[in-house]
Amino acid sequence: MRVLIPDAKFTDAAEIESGVAGRAIAFVPRRHLPQAEIPVEDWETCDGVLAYDEVRLDKHWLERMPRCRVVVRAGVGFDNVDLDAAGRLGIAVCNVPDYGTTDVADHAIAMLLTLTRGTAGFDEAMRRDPVAGWKFDGPPLLRRLRGLVFGVVGLGRIGLATALRAKAFGMEVMFFDPYRPTGTELSLGFGRADSLAELMGRADVVSVHTPLTRETHRMLDAAAFAASKPGQILVNTARGPVVDLDALHEALAGGRLAGAALDVMPVEPIARDIDHPLFTAWRNAESWIAGRLLLSPHSAFYSPDSIRDLRRKSAEVVTAALRDGRLINCVNRAWLSDARGWPLEKDGAEG
């Protein structure tokens, strides 16, 4: 069996993947090739695909893979794969939701600490002028974390890991997640909001941890920010399009939000959207935004350890599907037909 790895950015030889699958599967990495330049025969002869974030598998591409039975999204988000089209073709789509949980949670808290303790601002001010920059009250968002209300939008694996870190800093945690069962708040000792507006109105910090779906696209919009508690800080390490960038700009410029930390953008890389007024103000260090907007390049997931985990876990998922006929973390079961041999009368999904 052959598994194609388009945009194999983390491997040339697929040694980790091959170590998991053994001789049962031959991995075919295509490193840094634009998707359209991958040989047609690679698509036509693959039994599975390991897809990183740069790969886009819509109906057009899925139909070019007549043998493919499974696409494993090597990552958490799966918005770059057409789940419906894949399911109707009999292609199972699975993800790897647990490889970077601690890394993303750490990054979210680190971004919050950078803003509220002013660490980057102190360093920058002292570098510009060691004398004038030697003052303890320069960064605009300095505040004590203990006692603040830390609001989580989406209490999945990463959201929960981030919430527990916030709680360890003495913050009061509450969450909005209509998909979490009743009683979750009691078992964790968190507060629960019945609506996004309620969470926005009570939280001093809002950390976003939702997948990108039709439901969550631009979930944080003008109405959400209008409901926000004055002086709120937003942290987004989930998906860029969950936040309406125009609405965020207005909320920051108008003073409704005190600050924001973004690891993800609606358009990536940021250079393709660099003329947006929010980014223009940030680049020019305009006085109203200086020290209030913190950006990182969709890097929250990354550490050498997390990449090793990602590669190993992705290989485990594709091996379980192709060798053992077992679907782990299948995210399109609702659409999955038996066109390519999946025994739908048996529920082999996990996670």
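Modeller: Let's start with a rule: two strands pair if DSSP finds at least two bridges between them. Strands (E, at least two residues) and helices (H or I, at least four) are DSSP runs, numbered from the N terminus. This is a predicted model, where local features need pLDDT of at least 70 and side-chain atom pairs count only at pLDDT 80 or more, while totals for chains, interfaces and linings use all residues. Residues are numbered from 1 along each chain as its sequence is written, and side-chain values use heavy atoms, leaving out hydrogens and water.

Our part is an open sheet of seven strands, and you can follow them across in the order β8-β7-β6-β9-β10-β11-β12, with parallel pairing. At its edges are β8 (191-192) and β12 (293-295); each has a single partner strand, so one side of each has no neighbour in the sheet. Now zoom in on β6 (residues 149-153) and β7 (residues 172-176), which run parallel and are joined by five bridges.

Next, look at what lies against the strands. Helix α5 (residues 101-117) packs on the sheet and touches β6, β9 (205-208), β10 (232-236), β11 (257-262) and β12; touching, or contact, means heavy atoms within 4.5 Å. The direction of α5 makes about 145° with that of β10. Such angles run from 0 to 180 degrees between N-to-C directions, with axes fitted to C-alpha atoms, for helices over the stretch in contact. Helix α11 packs on the sheet too, touching β10 and β11, and its direction makes about 140° with that of β11.

Buried means under 20% relative accessible area, found with a 1.4 Å probe and protein chains only. The largest core has 36 residues, and L196, L220, F225, L234, L248 and L278 have the most contacts inside it. Helix α11 (residues 245-253) gives this core its largest share, five residues.

Conventions
Core = buried A, V, L, I, M, F, W, Y, C linked by side-chain atoms within 4.5 Å. Buried < 20%, exposed > 50% of the residue type's maximum accessible area, 1.4 Å probe, protein only.
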